[in-house]
Structures are given as structure tokens and as C-alpha cells.
Amino acid sequence: MQPFTTLTAIVAPLEEADIDTDIIYPARFLTITEKKGLGRYAFHDRRYDGQGREVAGFVLNRDPWRHAGILVAGPNFGCGSSREQAPWAILDLGIRCIIAPSFGEIFRGNCYRNGMLPVTVGEADHAALLSDAGAGASLDVDLNARTITRPDGSTIAIPIEDGKRDALLNGWDEVMGILNLYAGTIDRYEQDRRARLPWLNR
Amino acid sequence: MPSTLYDKLWNSHVVAQEEGGISLLYIDRAMLHEVSSPQAFAALREKGLKVRNTGAFLAVADHSIPTRHRDRPIADPQARAQVELLARNAHDFGIDMIGLDDPRQGIVHVTGPEQGFTLPGLTLVCGDSHTATHGAFGTLAFGIGSGECESVLATQVLRLTKAKTLRVTVHGDLPPGVGAKDIILAVVGKLGSNGAIGHAIEYTGHAIRALSMEGRMTLCNMSIEAGSRTGLVAPDEVTFAWLKGRPLAPQGADWDDAVAYWRTLPSDAGAVFDREIEIDATKLVPQVSWGTSPDQVADVTGRVPDPAGAGDAEMAAKMAKALSYMGLTPGMAVRDIVIGHVFIGSCTNGRIEDLRIAARILKDRRVAVGVQALVVPGSKAVKSQAEAEGLDAIFRAAGFDWREPGCSLCVAMNDDRLPPDARCASTSNRNFEGRQGQGARTHLMGPAMAAASAIAGHIADPRDYLGEA
């Protein structure tokens, strides 16, 4: 996993509520079994019309947001299906940080595992960031310092658990990390559970 | 201190506790399907890892498979490759795979419970957001991404933060013609699409206790539509009776030991929940969605709402956007919404009781002229049972297509897909834009209303078709 430390990038506004993972990655592309190169399907039915032409009004088709590395989204971003193709596709577009008042939980968890930073912010900060985004501004995201710095120099805190932050900062592989730290602990838990509930594995 | 069902399930699965509130949670079982597992297996291969506990997994293809011509190879080459890849991965890693010709085949959330793979007191995950379905058994079940599938395959644990608890109490008896789908649509409407984020829901109260297991599965299934990964119903005699004798359920003395353990699981008297909501079942009327988010629901006897009456500007914008996509006018009667398609099926409403209630309405009736109607049983077992009861003949005589089991028009990954602007009365779980096909419009409802609407050609109140119970 690519570490996430700092990111300075253009921020795109997508303030609509309940952008679900079907909008982010339509189901008809789910038969693809690769996880790389999915950016062309990201927001597909918003970005392209029935003939495959770009929809001029969609924010990610417009300059400067076409080059955005950060997204300020509306409430409940990434709700719906658990498909990890949604964060993979967004990542492939070059967007590594998403800021929203709330997230679909499975989507949020999927972001962390792909070196992406989901940031939950309060109403006032959200409004301020949307206004920055609308003006075509860039933001400085510093995960070490747990801050987002706005163009006017003011900062917004990034709420994140220590464990998730460490994993992102270091680009740790979740599975290898667990195996290295806990293999024996898991063995002991399993033995104990089987002894307590012998009917479970017969 | 009194504990909730969720507390008991969670605490009994904590392998280790890390700083900052993150737990390493043991996962007893997982179901795998063709869409969310390939990347997980690819990662195992890349890292040279094995599956830690092969017996903990059950694989079945459901999302991208066709519901017709199952005697032939899958026509879509990409879907065929995806299904073949699942079989190859299961074979190479030593996991039980239910093939398309296996009598156990079905949608993961229908097949798992049928086989007794789903049991109370366990943790169960699947790379599918409707995994909360299994919570109907008092199983701590939730949807995960592909990366988390990889973790479970290789380590049998997930790093998770414990949720808060939300108790949904449904008092009283459901009126005739009102079912589990109406309860959950009303709950999602009340909580909002993001109202239960970070919460594990426990459904309780007289109306919930009175539900069959099929109804409880319908209920828990749509918890994610309110933002919650987990919906639970405490196991009771209904649960035990349903599970007894299932192929993978404990047998003999083991069964008695298991039931004794399961009886300790329900929330203790006096257990405190972080949040509570209450619903009066006696006042519920059949529910139907009018918008593009599952919380946009109305009484079937009601009207399409007006954004002008919304509580705030954000809500008004969401409503206006939905009305525009759905091609509806504020204030119009819900029953005046004309439909051209009907879909009965999915992990929400593809079980035998769903087919029974729909068939009861459709018996000796015909779908309206111009309506295309489809019934897709949730599993082969459901299909066989329905055929043994003669339900297939009723559906066929009414003008429905009778198909092979799969996710079908709930996710529209196969060739069951609606054209732009098509409007569907659907027993599925999501009315998102494009969910049933690009530009297609979905109205969520229970199977009774779907059957009634098929006959009427517009959204219809099932109570008008059920007669005296």
C-alpha cells in the first residue's frame, strides 16, 4: 500500500448527499476482476452520456477539478454496496483524500486499506471547504500533523484513530501486519473457543 | 452489568484489544461470491499466503449469473470468466464451492441460512453489504470489502471499532397485508439513509417476535440502507425450530449444547442502548419508495411529497433531485404511479414466504397489459419448494417469467437489466439511480404490493387484493 503522509492538491466539490457506490462505480462494470485501471469507470454515468461523451457540467470534467486530488463530498458519501471497486476507481482517478460530513461505513473502511484518507468534518468546516473547492483552491493535507490547511492558512483537524494513522503513514500491509503481530494470539483464541463451544466445528 | 445481544456477540469474539479503541475481532465464518473475492485471492497468491481455516468459508456465485438458459455456458464472456475464477480459487485454496448446478445454489444470503452455515452466536462476514441479513439469527454479520475478505481468508480476524447500539422496538401486531418489508422501509424512512451510521441495530418488540425467520431476514437485510452494517434479532424458539436439521446445523447432543448457549445471547433485562426508536406496528400501512434513496418512502395510500415541505434546504435539494430522476410530480397519489416492470426476488424478498404471498394475490389473475413481470427465487431450494406447492404455475399463468436463482434485477449485473426510463415495482433493496439499469426507475416494496401492482399496472395497495384473511 502506498503510504499517505502529505498531500497538496486541487479540491473538487461534489456536495450532493448520498452519493452511493453504484454512482461511483456502476454495477455493470463489476464483472471486471482486476483492481487496477478502474478510473475510467469512476462516476461513469455522471461523467459520460449515453454516447460515451463527457458531460460538460460534471465537476470532474471541468478545469481545474479535472486534476483534483481531493474531493469534498456531501453526507453519506459511499453509502450502499460494499464494492471496493468504488475506492479503487476513485484512487485511479488520482484522488486520495475525501472529506465529507459522513461516510458509508464499508466505503470508509475500504479507503484506509487502499492508502486513501477519508476525513469526517463538521458542518462549518464542510461549508468552508466547499467554498474553497468552488473557488478552485488547493488544500494541504498533513496526516502527521493531523491537519488540513485551507488557502487562508486556517487549519481543520483530521479525526483518526492512532492505529489507522500509523498504517496509512507507513503504508503497512494489513494482512502481513496482523500475521506478524498476532499469529500466536489468534491460535490461542481459536483453541479456547473450540474448547468452550465444541459443537462449533464438528 | 446487563449486556446487549451485540455486546455479548462482540465481546466473545475479541481476540486482542489495541490502543485507540480498535479490536481484533475473530470471524467464525464467511461467504464468498464472484464479485468481491477475486482480488482477495489474487492478493493471497501474490503474498504466498494460504487460507487459514478453509472450513470457515462457503463460496457461491450469485451476482453476475444469468437467470435463463442455465444449461448453457454463460454467454457474457467476462461474467463467465468471473464465475470460473471463483470456482478455480475455491478449488486451489480448498474451499467448499457451490456450483451453478448444485442443488444448494442461491443468493449468498439465502443459501447460507438454508444450509445452517449461519448460526446464532457466530460472527459471519461477506463481501456484500446485505450480509446483515444473517443477523436475523442473532449472528453478528456484516458486509466487508475485498481487502477485508483477504484479511479473513488469511488471518480469520478483522481490525474493527465497536459500534454504538440502537434498539428499534416495534410494538403491537402488524395489520393484515402489512409485512416485514413494510417495517424495514418505515424504519429506514424514519432513521434516514445515514441515520444509523456507526450503530448496530437490534430489532425487538412484539411485532418482531411474531415474524417468521423469512420476515426477520427481510428486516435485517436492509439495515445498511439506514447506514448500519449490522442488524440483529435475538434468537428464540422460532430461530431454533427453523435451524434444526439444517445440513450444517449441529446434530444430536451438539444441538442441545448449542441451543443452551444460544439461549444466553438475548439482551439482558435492563441492558442500556445508546439510542432507541419505537414504532407502532398497528398503525403501519404498506410502504413504497418514491425516490432514489431507500429512506424516501411513503404510505401506499399517500402522496408523492413536495420538496417545498422539506425540513431544510439540503433535504429539499435531495428530494427535488430524486423527483426529477424518477419523473414524478409532487402531490400526485402514489397509487397513480404507472409501472411497466415487476421484479419479485433478491436477498431481501426471494424466499418461500415472499413467493407464497405474491402467488396468493396472483392466483386466478393476470398481470396488466404491457407489464413485464419476473420472479427470481432466491435459491434452488426456494424454487423447488415453490414448484412443489404449485406456485410456479400460478406465476406463469398470471404472466410472470419463472427464472433460475440469482441476484438478477436487484443489481442488474447480468442480462436482467431495464432500459432507460423503465419503471419497476421491485421487491429488492435499493432504488439508487441506475440500480436496475442505466436511467431505470425503481420503487421498493414488499412482494404483496409488487404482485398487486403487476395486476393493476400501477402501484397498488395489496390489501385490496388479499380479501378476507
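Among what covers the buried residues of helix α11(B) is strand β19, residues 441-444 of chain B. The model is a predicted one, and in it α11(B) runs over residues 313-326. With 14 residues, the helix reaches 20 Å from its first C-alpha to its last, close to the 20 Å expected at 1.5 Å a residue. Its buried residues are K318(B), M319(B), A322(B), L323(B) and M326(B). Because these cover an arc of only 130 degrees around the axis, they fall on the same side of α11(B). A313(B) and S324(B), by contrast, are exposed on the other side of the helix. After α11(B) comes G327(B), a residue whose phi is positive, near 65 degrees.

How much of α6(B) is buried? The count is 11 of the 12 residues, so α6(B) is largely enclosed by the rest of the structure. The buried residues begin with the run A180(B), K181(B), D182(B), I183(B), I184(B) and L185(B), and they also include A186(B), V187(B), V188(B), G189(B) and L191(B). The list thus holds the charged residues K181(B) and D182(B). α6(B) is followed by G192(B), whose phi is positive, near 90 degrees.

In the loop between β17 (400-402) and β18 (423-426) of chain B lies A412(B), which has a positive phi of about 55 degrees although it is not a glycine. D421(B) is found in the loop between β17 and β18 of chain B as well, and its phi is likewise positive, about 70 degrees, although D421(B) is not a glycine.

Turning to chain A, the reader will find seven helices and seven strands, arranged along the sequence in the pattern β-α-α-β-α-β-α-β-α-β-β-β-α-α. Its C-alpha atoms fill a box of roughly 60 × 45 × 25 Å, taken along the principal axes. The domain assignment gives domain 1 of chain A as residues 6-171 and domain 2 as residues 172-202, and the C-alpha centres of the two domains lie 35 Å apart. Of the 202 residues of chain A, 47% count as buried. Among contacts in chain A with a separation of 6 or more, 69% are between residues 24 or more positions apart.

The C-alpha atoms of A12(A) and G134(A) are separated by 7.2 Å, although the two residues are 122 residues apart along the chain. Not counting residues up to four places away in sequence, A12(A) touches V59(A), L60(A), W65(A), A68(A), L71(A) and A133(A). A cis peptide bond joins D63(A) and P64(A), with omega about 5 degrees, and P64(A) is found in the loop between α2 (44-47) and β2 (70-73) of chain A.

It remains to see how the two chains meet. In the model, 43 residues of chain A are in contact with 59 residues of chain B. On the side of chain A that touches chain B, the elements giving two or more residues are α1 (21-24), α4 (105-112), α6 (162-170) and α7 (174-196). α7(A) gives the most, with nine residues. By class, this side of chain A has 18 nonpolar, 11 polar and 14 charged residues.

The largest nonpolar core has 211 residues, of which A89(A), I99(A), V288(B), V342(B) and A358(B) touch the most other members. Leaving aside neighbours within four places in sequence, A358(B) is in contact with I344(B), P447(B), A448(B), A450(B) and A451(B). In soluble globular proteins, nonpolar side chains tend to be buried together.

Notes
Residues numbered from 1 in each chain as written. Chains lettered and ligands numbered in written order. Predicted model: local features only at pLDDT ≥ 70, side-chain atom pairs only at ≥ 80, totals over all residues. Helix = DSSP H or I, 4+ residues; strand = E, 2+ residues; numbered from the N terminus. Expected span 1.5 Å × (residues − 1). Buried ≥ 20, exposed ≤ 12 C-beta atoms within 10 Å, placed from the backbone. Arc of directions from axis to C-beta. Contact = placed C-beta atoms within 7 Å. Domains from an automatic or database assignment. Core = buried A, V, L, I, M, F, W, Y, C linked by C-beta atoms within 7 Å.
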